[in-house]
Structures are given as structure tokens and as C-alpha cells.
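Biologist: I would like to learn how to read a structure like this one. Could you walk me through it, feature by feature?

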Amino acid sequence: HKKESTMKRKGMSFALPLRFPKKKGKRIFEVDFLRGVAIFLMVIIHACYSLGYGIDGFFVLPKDCPEWIKQSQGFFKFIFFAITRPDGAKSMVFSPYGYNLNTNLFCLEAFFAGAFMFLSGISCSFSQSNAKRAIGLAYVSALMTILFETLSAFMGINFHIWLGILHSLAFALIVYSIFDHFFQEWWQHLLFVLPLTAINFFTMLKAYPNNKMLILNPYAAKNAFDWFSNVSGLLVGRFRYGDDYFPPFLITLVVFLGGIVGKTLYKNKKSLLPEDFPTAWAKPIIFIGKHTLIIYLSHQVIIYIILALVLLPMGARIRGF
């Protein structure tokens, strides 16, 4: 009080802050940029699915539907299969408009999905709240499953996501947060990664005979042993189920690899690029990279709203209504 009075007598203002502002960590340009690119590509492939299969899934088209809509559906189905299937467009059950079914762009999905998980692992090495993020992501992904199961039951769209990219990322973050709580050193993470790599390698050899992943019928379980076999098989990636599936054990491996890179190359939590590196040109991608979860959760809603605005005036109706 004496110091404050002295300052007032000298004409100096004195303000007592109500709270100390929380210091924000400095963003790492290349991590945000690459994450933004990965999410952008993910949005593109999801748009291909919506424009190919989503139209028939959520809408009932009129009999006099314009031919260009049917042709565009065939094109987007072709692109979606070429990117998301290990054997490329050969997975298609029909040959739309003479497209080359030997086209295989599966490397693109492996890149953008793998890059996103890897960068999430790097981010985990910076954060002290991985458990909180994991629980929040698990909650969101569970709500997503409930939503699509409800829509499938009442609208007949037959769309199921049990272990999609968000589910598997939540699983990986839970494992990472528990392990990192007890073992923080990068070499300890590496020791954990080695057996996890072996499990994933031998599982993938068995899961992809003739480049086709085995499909699970979850309703075929006859007893508790079958149920356990199905659940464990889905976790390690021995087979898949649903319209969006990523093996949780494989995603956990990629996240831990990213964490190791974060603990070594980014141990000072600073960008590897020079300080004068120009970044203004990348603002749109950086924005996407900073808001990945919001964009991931909202982009499909936006796509279907646009489809409704285009198709409903043409005489289409929403399935189930």
C-alpha cells in the first residue's frame, strides 16, 4: 500500500490485474501446415463419398433425375474406390461409364490419414493434457456412432461407423497418455513401438489376402468367444466393419512414432524452419490445421446441406420422410 501511495503521489497510475493471462504456446508452422493439408485431402475424399454414395443413401431421387447427376455419381464412386481400397478401383462391383478399373490411388489415403495421425503424435509430445483430449475425442466419436446408428434405424440409410478415424485416434491417445504418464523418455516409447510394429506387420499380412481386407459380420457371433474374437480382430485390424474403419492398433503405432519425433526433433517445441521463413501465403491451410476437429465434424453436414439445396428443388426427397 505504501508503494502504491507513493506512485499515486508521483502521478503514476497503478492497476492491479484481476488475473494473470494464460500464456499460449507458440504454434509450429510445419506441423499446422501439414495437418491442414491432411485434413483438406480428407475432406475431398469424404466429399467424393457423399457425392457418389451419399446421394442414394440420404435422398430418394425422382424418376426423371437429370442424367448428369447419375454420371457424376459414377465418377465420384470411381474416385472414392480408387483412393480408399488397397486394390484400387478393382474393388468396384460395377464398371461406371468405362472408367479404368486398374486405377489405384490408395497411396493418397495412406498418406493423408497416416500424416494426420503422425502429426497428432507430434502434438501429443507438446501437450500435458493428452488424457483430457482423449476422453473428449472418445465422447465425440461415441456420439457419432449413436447418431449414425439412429439414422440407419429410422431412415434406412445403412451407414455404420464403429471404429472410424476419430474412434481409433481416441483409442491411440488414451494408450499414449497412460504410457507417457509413467514413461516420458523417447527411447522408452521406442521400446513400446517395436512389439507394436511386429503385431501390426503380421496382422496386415493376414488381413489382406489378395489385397482385399476381410469384412466382419458383427452379427455372426454365436457365443462369448466369437464376440471376443470379433472385438480383438477389429482392434488389431484383422478385419474391418463399417463405412469408415481404421485399425486402432495401427493408429496407435503411428501416433507413438509421431510422439518419438516430437520428443527428439521438437524437444525444444520450436519450428525447424528458419525464423524469417515466409508463412503468410499458407494462412488458409494453417487455419484448417488449427481447427481440425471442428472442420472434420462439420464438413459432412455442410456437404449434405448443399446437396439438399440442389436436389430438393429437383423433386428429390430426404430418405425416411
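**Reading the fold, step by step**

Modeller: Among contacts in the protein chain between residues at least 6 apart in sequence, 72% join residues at least 24 apart. Please keep in mind that this is a predicted model.

Biologist: Thanks! How many helices and strands does the protein chain have?

Modeller: The secondary structure comes to 11 helices and 2 strands. Along the sequence, the pattern reads α-α-β-α-α-α-α-α-α-α-α-α-β. As for burial, 41% of the 321 residues in the protein chain are buried.

Biologist: Let's turn to helix pairs. How are two packed helices described?

Modeller: Two packed helices are described by the angle between their axes and the distance between those axes. Take helix α4 (residues 106–126) and helix α9 (residues 248–264): their axes come within 6 Å and cross at roughly 50 degrees. That angle makes α4 oblique to α9. The crossing of α4 past α9 is right-handed.

Biologist: Which residues of α4 and α9 meet there?

Modeller: From α4 come Gly 114, Met 117, Phe 118, Gly 121, Ile 122, Ser 125 and Phe 126. From α9 come Ile 251, Val 254, Val 255, Leu 257, Gly 258, Gly 259, Val 261, Gly 262 and Lys 263. By class, the residues of this α4 and α9 contact are 9 nonpolar, 6 polar and 1 charged.

Biologist: I would like to look at one of those glycines. Is Gly 259 buried or exposed?

Modeller: Gly 259, which lies in helix α9, is buried, because its relative accessible area is 0% and anything under 20% counts as buried. Gly 259 touches Gly 121, Ile 122, Ser 125 and Tyr 176, leaving out residues up to four places away in sequence. Gly 259 and Gly 121 are 138 residues apart in sequence, yet their C-alpha atoms are 4.4 Å apart in space.

Biologist: What about α7 and α9: at what angle do they pack?

Modeller: Helix α7 (residues 186–207) packs with α9 at an angle of about 150 degrees, and the axes are 9 Å apart. So α7 is roughly antiparallel to α9. This crossing of α7 and α9 is left-handed. On the α7 side, the residues in contact include Trp 186, His 189, Leu 190, Phe 192 and Val 193. On the α9 side, they include Phe 249, Leu 250, Phe 256, Ile 260 and Lys 263. The residues of the α7 and α9 contact divide into 13 nonpolar, 5 polar and 1 charged.

Biologist: And how do the axes of α2 and α11 cross?

Modeller: The axes of α2 and helix α11 (residues 292–311) come within 10 Å and cross at roughly 35 degrees. The crossing of α2 and α11 is right-handed. Among the α2 residues making the contact are Arg 35, Ile 39, Met 42 and Phe 58. Their partners in α11 include Thr 292, Tyr 296, His 299 and Leu 311. By class, the contact of α2 with α11 has 13 nonpolar, 6 polar and 1 charged residues.

Biologist: Which residue forms a salt bridge with Asp 56?

Modeller: Lys 77 does, with the closest N and O atoms 3.8 Å apart. Lys 77 sits in helix α3 (residues 67–84) and Asp 56 in helix α2 (residues 29–58), 21 residues apart. Lys 77 is buried, with a relative accessible area of 13%, whereas Asp 56 is partly exposed at 34%.

Biologist: How far apart are Arg 27 and Asp 32 in their salt bridge, N to O?

Modeller: The side chains of Arg 27 and Asp 32 meet at 2.8 Å, N to O. Arg 27 is partly exposed, with a relative accessible area of 46%, while Asp 32 is buried at 3%.

Definitions and conventions: Residues numbered from 1 in each chain as written. Predicted model: local features only at pLDDT ≥ 70, side-chain atom pairs only at ≥ 80, totals over all residues. Heavy atoms only, no water. Axes fitted to C-alpha atoms, helices over the stretch in contact; angles between N-to-C directions. Helix = DSSP H or I, 4+ residues; strand = E, 2+ residues; numbered from the N terminus. Parallel < 35°, antiparallel > 145°, perpendicular 65-115°, else oblique. Left-handed = near helix turned anticlockwise from the far one by under 90°. Contact = heavy atoms within 4.5 Å. Nonpolar A, V, L, I, M, F, W, Y, C, P; charged D, E, K, R; others polar. Salt bridge = Lys/Arg side-chain N within 4 Å of Asp/Glu carboxyl O. Buried < 20%, exposed > 50% of the residue type's maximum accessible area, 1.4 Å probe, protein only.
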